[in-house]
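Reader: I am new to this structure and would like to learn how to read it one feature at a time. Could you take me through it slowly, giving the general idea before each case?

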Amino acid sequence: MNYKEITLMVNHELEPFIADILNEVGANGVVIEDSLELVKGRIETYGEIYELNPDDYPESDVRVKVYFSELDYSDAIIDVIKEKINGLQDVEVSRLEISTDEVQEEDWANEWKNHFHAFKASESFVVVPSWENYEKQNDDEFIIKLDPGMAFGTGDHATTSMCLKLIEKYVQPNQSVIDVGTGSGILSIAAHQLGAAPIKALDLDSVAVRVAVDNFEKNDCADAIQAEPGNLLKGESEKRDVIFANILAHIVDLMIDDSYALLNDNGLLITSGIILEKEEMIVEHLERVGYKIEEITRENGWIAIAARKEA
């Protein structure tokens, strides 16, 4: 199957809202190339593991590439994207340029290799593309081998890296986990490496489930993680110690009540994909159903929350 590639050039103020908009119009995959990545200086936090290629990034602003299968694409999608961007409240739209191109399926697979390289996502977790070799720098590192394919979540985006840091801090051996919207499966893999069990990974997108299973196999944990299609927590009845939900704010909002009911006493919800503007709404809902906020982290216009169901 071939794909339609839509390229958007947008100003930085729009970047936190783009993923939400593209999800609403049914995008199959997104690549975000932010000109600021070249000057952020990750070495100050964890140490640089790879050199970014300036040729992969725009000289200014943000380049967003979004993909649709030829069966899902129509020209009306571009009009909807423009309408939603221009309809954002109190957000400056100083640049919005859109172009399209055709992409062969095999070219889509190779596109990731131009942008995705080994990097340290937290103090302990190092994310390594399946096509690269990497040697541990110390015995405390956990290596996550990843091939994102057509699923979201490489650990490089703020939402995923914040979740990994919270998982590293809070998840304990033998805790039961359910990972909602697993995408590439990266959070489930991280939980497994910390000794959590059992682990169940859910995603509404059957393509994401297939990608996640492939990544579980690459990390020798396919037998330890149950992966299947699922619509948030609907139909789930087995109590869990920890729930992950790295999805968009309005979807997080839909599952807060169900997550609380599904957690054991003192269980933890780790969630991200929430833009700063939605923080108050999500926190209010969490506290209203009985959660205690353990921690909120903020990065690049996004937040992640660890919330406890108190006994």
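Author: Let us start with salt bridges, where a salt bridge is a side-chain nitrogen of Lys or Arg within 4 Å of a carboxyl oxygen of Asp or Glu. In this predicted model, the side chains of Glu102 and Lys4 meet in such a bridge, at 2.8 Å from N to O. This pair links distant parts of the chain, with Glu102 in strand β4 (residues 96-103) and Lys4 in strand β1 (residues 3-10), 98 residues apart. Helices (H or I, at least four residues) and strands (E, at least two) are DSSP runs, numbered from the N terminus.

Reader: What should I keep in mind about the numbering and about a predicted model?

Author: Residues are numbered from 1 along each chain as its sequence is written, and side-chain values use heavy atoms, with hydrogens and water left out. Because this is a predicted model, local features need pLDDT of at least 70 and side-chain atom pairs count only at pLDDT 80 or more, while totals for chains, interfaces and linings use all residues.

Reader: Is Lys4 buried or exposed?

Author: Buried means under 20% relative accessible area, exposed over 50%, and partly exposed in between, with a 1.4 Å probe and protein chains only. Lys4 counts as buried, at 15% relative accessibility.

Reader: How many salt bridges does the structure hold, and which residues are linked in a network of them?

Author: The structure holds eleven salt bridges, and Asp61, Arg95 and Glu97 are linked in a network of them. Asp61 lies in the loop between β2 (29-34) and β3 (62-69), and Arg95 in the loop between α2 (76-86) and β4, so the pair ties together parts that are 34 residues apart in sequence. Asp61 is buried, with a relative accessible area of 18%, whereas Arg95 is partly exposed, with a relative accessible area of 22%.

Author: Another pair to look at is Glu294 and Arg308, whose side chains meet in a salt bridge at 3.2 Å, N to O. Glu294 lies in strand β13 and Arg308 in strand β14, so this pair ties together parts that are 14 residues apart in sequence. Glu294 is partly exposed, with a relative accessible area of 32%.

Reader: In what order do the strands of the seven-stranded sheet lie?

Author: Two strands pair if DSSP finds at least two bridges between them. Here the seven strands form an open sheet in the order β10-β9-β8-β11-β12-β14-β13, with mixed pairing. Its edge strands, each pairing on one side only, are β10 (225-229) and β13 (291-299), and the twist averages 15° from one strand to the next. Inside the sheet, strand β8 (residues 177-180) and strand β11 (residues 240-246) run parallel and are joined by four bridges, with Val180 standing opposite Ala245 in β11.

Reader: Which strands does helix α7 lie across?

Author: Contact means heavy atoms within 4.5 Å, and axes are lines fitted to C-alpha atoms, for helices over the stretch in contact, with angles running from 0 to 180 degrees between N-to-C directions. Helix α7 (residues 249-262) lies across β8, β11, β12 (263-275), β13 and β14 (302-309), running at about 175° to β12. Helix α5 (residues 186-193) lies across β8, β9 (199-203), β10 and β11, and runs at about 175° to β9.

Reader: Where does UniProt place the feature "binding site"?

Author: UniProt positions are given in the numbering used here, feature names are shortened, and annotations may be inferred rather than shown by experiment. An unreviewed UniProt entry places this feature at Thr160, Gly181, Asp203 and Asn246. Asp203 belongs to strand β9 and is buried, with a relative accessible area of 11%. Leaving aside neighbours within four places in sequence, the residues in contact with Asp203 include Gly181, Thr182 and Glu228.

Reader: What joins the side chains of Asn246 and Thr160?

Author: A polar contact is a pair of N or O atoms within 3.5 Å; within protein, one must be able to donate a hydrogen and the other to accept it, and residues adjacent in sequence count only if both atoms are side-chain atoms. The side chains of Asn246 and Thr160 are joined by a polar contact of 3.2 Å. Asn246 is found in strand β11 and is buried, with a relative accessible area of 18%.
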